[in-house]
Amino acid sequence: MNAKLNALVRARWFETTILIVIILAGVLAGLETSPALVARYGTQLEALDLFVLAIFIVEIALKIAVHGRQPWHYFRDGWNVFDFTIVALCCLPMNAQFAAVLRLARALRLLRLVTALPRLQLLVGALLKSLGAMGYVGLLLALMFYIYGVAGVHLFREADASHFGSLKAALLSLFQVITLDNWSEIYRAARPGAPLATPIYFISFILLGTMIMLNLFIGIIMNSMSQMHAEIAERDRQRHVNETDAATIEDDLLLLEQQIESLKDQAARARQRLRHKPSHVPEP
């Protein structure tokens, strides 16, 4: 029975149907923001919403039933927990106490596209994985903002008090500059205060902020995406092995490639340690 249910929930037509229902849920959430449409078609919209909710409940029930006597295995996947939470919020009673939460949950149902489309899972997973490294880049960016903000107040306070009259105003102005939104106006207003230093100040800040920092963020995300590719491939391989109790040639090749990549990383770390090791040890 579990094998049949597993084949059902993994069938292409089943996944396509759920994808269409998710899109329908998003359309309904948008239509319900129009008071005129709600007043005219409120009953039909409510019926469609209940129909969508029923399909989501059946989908989750089938996916839980796949695990048979171990239904808690369904919640080992974070995306399943995400889906279950959204559907559970949609099941709250429609009264004044839960009305705002219910409307928000209906809008959040469109986020289930992330779980329905593996490519979106890859992007979201890469973003979440890169948050730790992005924190350090953000800290470096904050230090750069603070240093340039303090320098800007001392250089341009007299000439352009509206943009550099205080540290707060300078930081806001630098944020506008880094977005390249009419930054030339701020440049022209500040230039009389320090004609020689102004070009160096603005050009260096734009280069550091918009080019170097942006490239750092892109590099971190690309590295996280490569890691997510490997994790998703390993998860699919392990799932195939668990379902069939056998590994295909592709599974073995994938495992071998991952072991080779791991050995390459270990060799690179060992080479780096060797590079920093003293060339000779002085005799006593």
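## The chain as a whole

Among contacts in the chain between residues at least 6 apart in sequence, 63% join residues at least 24 apart. The model is predicted. Of the chain's 284 residues, 28% count as buried.

The chain has 13 helices and zero strands. Followed along the sequence, the pattern reads α-α-α-α-α-α-α-α-α-α-α-α-α.

## Helix α4

Helix α4 is made of 13 residues, residues 78–90. At 1.5 Å a residue, α4 should span 18 Å, and its end C-alpha atoms are 19 Å apart, which agrees.

Which residues of α4 are buried? They are W79, N80, D83, I86, V87 and C90. These residues cover an arc of only 130° around the axis, so they lie on the same side of α4.

## Packing of α3 against α4

Two packed helices are described by the angle between their axes and the distance between the axes. Helix α3, residues 35–65, packs with α4 at an angle of about 140°, and the two axes are 10 Å apart. Angles over 145 degrees would count as roughly antiparallel; α3 and α4 are therefore oblique to each other.

The crossing in which α3 passes α4 is left-handed. On the α3 side, the contact is made by L53, F56, I57 and I60. On the α4 side, D83, F84, V87 and C90 make the contact. Of these α4 residues, D83, V87 and C90 are also listed as buried.

Notes
Residues are numbered from 1 along each chain as its sequence is written. This is a predicted model: local features need pLDDT of at least 70, side-chain atom pairs count only at pLDDT 80 or more; totals for chains, interfaces and linings use all residues. Side-chain values use heavy atoms; hydrogens and water are left out. Helices (H or I, at least four residues) and strands (E, at least two) are DSSP runs, numbered from the N terminus. The expected span of a helix is 1.5 Å times one less than its number of residues. Buried means under 20% relative accessible area, exposed over 50%, partly exposed in between (1.4 Å probe, protein chains only). The arc is that of the directions from the helix axis to the C-beta atoms. Axes are lines fitted to C-alpha atoms, for helices over the stretch in contact, and angles run from 0 to 180 degrees between N-to-C directions. Angles under 35 degrees count as roughly parallel, over 145 as roughly antiparallel, 65 to 115 as roughly perpendicular and the rest as oblique. A crossing is left-handed if the near helix is turned anticlockwise from the far one by less than a right angle, and right-handed if clockwise. Contact means heavy atoms within 4.5 Å.
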